[in-house]
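Thanks for coming. I will take a few minutes to walk through one structure, and you can follow along on the screen.

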Amino acid sequence: MIEQGKPVYTLFQTSNHEFYMFDTYANKIQKISNVCFTYLKKLNEHKTDFFQQAASIDNDEFQQFYRLSREQGFFSNMYIEKLQHPMTEMLEDILDDNIESMNLQVTQNCNLRCDYCPYTGNYYNNRKHANKRMDFELAKKGIQFLYHHSSNCDVINVSFYGGEPLLEFDLIKKCMQYTKEIFGSRKVIFSLTTNAVLLSDEIMRFFCENNVLLTISLDGPENIHDKSRVFADGKGSFAAVYRNLCQFKQQYTEYFNQNVMFNTVCAQDLGVMDVDHFFSNDPLFEKCEVITTFYSTNYIRNEPQYKNDMDQFMQYLEFEKYKCFLYVMKRIKTFPSRMQLNRFEEMKKTYKTMKTFTGIPACYHPAGPCVPGRKKLFLNVEGNFFPCERIDETSPCSVIGNIEDGLSLEKCEKLLNIGKITEEKCKNCWMIAHCKFCFIQADNGGELSAACRLEKCSDLQASMLDTLKDICILEKYGYHFEEEA
């Protein structure tokens, strides 16, 4: 349990040599002087009573700052008594009537062998590509399960996943027709993730007629994309994909601009410059959302090797971030990289979270976990349920039920309250309200490990500190986040 009377905060310095404090219970940033920074750093290191030590500091500047800060809600003596997710008591009702989505793994096979894919077996612990497919009877059971457990949802989603789901296009058509039949007048959104190699005029027309939301995996220009996204014979897939996309946009322009988004996975090297330029300058993607991510570190077994240009890579990211800041402050008209704009949108979400904060109650939990199965319930070809598709299908702790027995309330509650395995550390963590970890970061070969979860915390905290610093820099130079809310 947190020692009552010891506030939780962190200190940081921005690149323009100004000092700040982030107070966890106030969920606010406060600019402070170098003098106050020094005293607060010492106080944070001491295990003795914070308030007694703070009151005894013989410095007028600190005492004035300390008094005003207490009046504004900083340095609270509140503490978390119990670590429990706020949705825990409602979990049974949520799983009974509020499941919003079903993601059907229609096949475990794929027509590509992408280097970084978790199912290729190069770097990650997970299943391997296999000639397993979902039969229509299992798919119908999954759709029926969604129907019977979504009665309180105005809009529901049925999505299709693989492998490469277009290998089972006939099954997808049957599933969509069956979904429409049993859901009747209720609003259903269909979505699908594909590598786009198998897109044909028939498939394009079907997607357009059914308003399917489409996510296409494309890793940038040919010289980047074909390094990883290859056929089984090693031949790159870019030419086939790009040709299909050009035809798609030409024939179904309005649908393409509104319903197609792209997901690109980058190595942490200077190739990211080519990726940025590709998506920013090619008119094919002008109206489409592009999400850029780096290789995942979840379930990793062998770290991918990057080119030896990390310093240049980081310099490039910093330069692009600076351009993005100038752009959003209307200092330049040059459109920044999409990657940095996406990151900026995440920063705005963090700012909004701080501004709409209503306090940390005595019963609380780190912010990371979603309700298992509520928004992305994943049904694989073997009939097992998982919280989402981003898990290791071979890990026992990822399974939350099956199509015959339904969802296990006990397993879902355990994953929802994953913070309990690191309870004391989480209670004392300065970014508990901004945590992004779910059970995946604790999954150590099928067992939930506190050590495995904690060893990843420093990177997450460093990322959050960078976000706080960027918020401070932007506000310092005149950007008004409130006007963008």
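This is a predicted model: local features need pLDDT of at least 70, side-chain atom pairs count only at pLDDT 80 or more; totals for chains, interfaces and linings use all residues.

The largest nonpolar core has 88 residues, and the members that touch the most other members are Leu104, Phe160, Phe207, Leu245 and Phe262. Helix 6, residues 169-183, gives the most to this core, with seven residues. There is also a second, separate core of 36 residues, which includes Phe22, Val328, Met464 and Leu468. As background, nonpolar side chains in soluble globular proteins tend to be buried together.

Stay with Phe262 for a moment. Leaving out residues up to four places away in sequence, Phe262 touches Ile216, Leu218, Leu245, Phe256, Phe279, Phe285, Cys288, Glu289, Val290 and Ile291. Phe262 also belongs to an aromatic cluster, together with Phe238, Tyr242, Phe248, Tyr252, Tyr255, Phe256, Phe278, Phe279 and Phe285.

That brings us to the aromatic pairs. How many aromatic pairs does the structure hold? The count is 39. One of them joins Phe50 and Phe51, edge-to-face, with 5.3 Å centre to centre and 85° between the planes. Phe50 and Phe51 are both buried. Another pair is Phe278 with Phe285, at 5.1 Å centre to centre; their planes are 55° apart, so this pair is tilted. Phe278 has a relative accessible area of 12% and is therefore buried. Phe285 is at 0%, so it counts as buried too.

The charged end of Arg127 sits over the ring of Tyr119, 3.7 Å from the ring centre. Likewise, the charged end of Lys140 sits over the ring of Tyr178, at 5.7 Å from the centre.

Lys140 takes us to helix 5, where it is one of the buried residues, along with Leu138, Ala139, Gly142, Ile143, Phe145 and Leu146. What do the buried residues of helix 5 pack against? The list is strand 5, strand 6, helix 6, strand 12, strand 13 and strand 15. As for length, helix 5 runs over residues 136-148, which is 13 residues, so at 1.5 Å a residue it should span 18 Å. Its end C-alpha atoms are 18 Å apart, in agreement with that.

Is Lys132 buried, partly exposed or exposed? Its relative accessible area is 39%, so Lys132 is partly exposed. Beyond its neighbours up to four places away in sequence, Lys132 touches Thr107, Gln108, Asn109, Val381 and Glu382. From Lys132 to Lys476 it is 344 residues in sequence and 56 Å in space, C-alpha to C-alpha.

For contrast, take Ser191, in strand 7, residues 187-194. With a relative accessible area of 15%, Ser191 is buried. Its contacts, again without residues up to four places away in sequence, are Asn157, Val158, Ser159, Phe160, Val212 and Leu213.

Last, the cysteines. The disulfide count is zero. For Cys438, the nearest cysteine sulfur belongs to Cys370 and is 6.6 Å away; a disulfide needs the sulfurs within 2.5 Å, so Cys438 is in none. Cys452 is in no disulfide either, with the sulfur of Cys397 nearest at 9.8 Å. Cys452 counts as buried, at 10% relative accessibility.

That is the tour; I can take questions now.

Conventions
Residues are numbered from 1 along each chain as its sequence is written. Side-chain values use heavy atoms; hydrogens and water are left out. Rings of Phe, Tyr and Trp (its six-membered ring) pair if their centres lie within 6.5 Å; planes under 30 degrees apart count as stacked, over 60 as edge-to-face and the rest as tilted. Buried means under 20% relative accessible area, exposed over 50%, partly exposed in between (1.4 Å probe, protein chains only). A charge sits over a ring if NZ of Lys or CZ of Arg is within 6 Å of the ring centre and within 35 degrees of the ring normal. Helices (H or I, at least four residues) and strands (E, at least two) are DSSP runs, numbered from the N terminus. Contact means heavy atoms within 4.5 Å. A nonpolar core is a set of buried Ala, Val, Leu, Ile, Met, Phe, Trp, Tyr and Cys residues joined through side-chain atoms within 4.5 Å. The expected span of a helix is 1.5 Å times one less than its number of residues.
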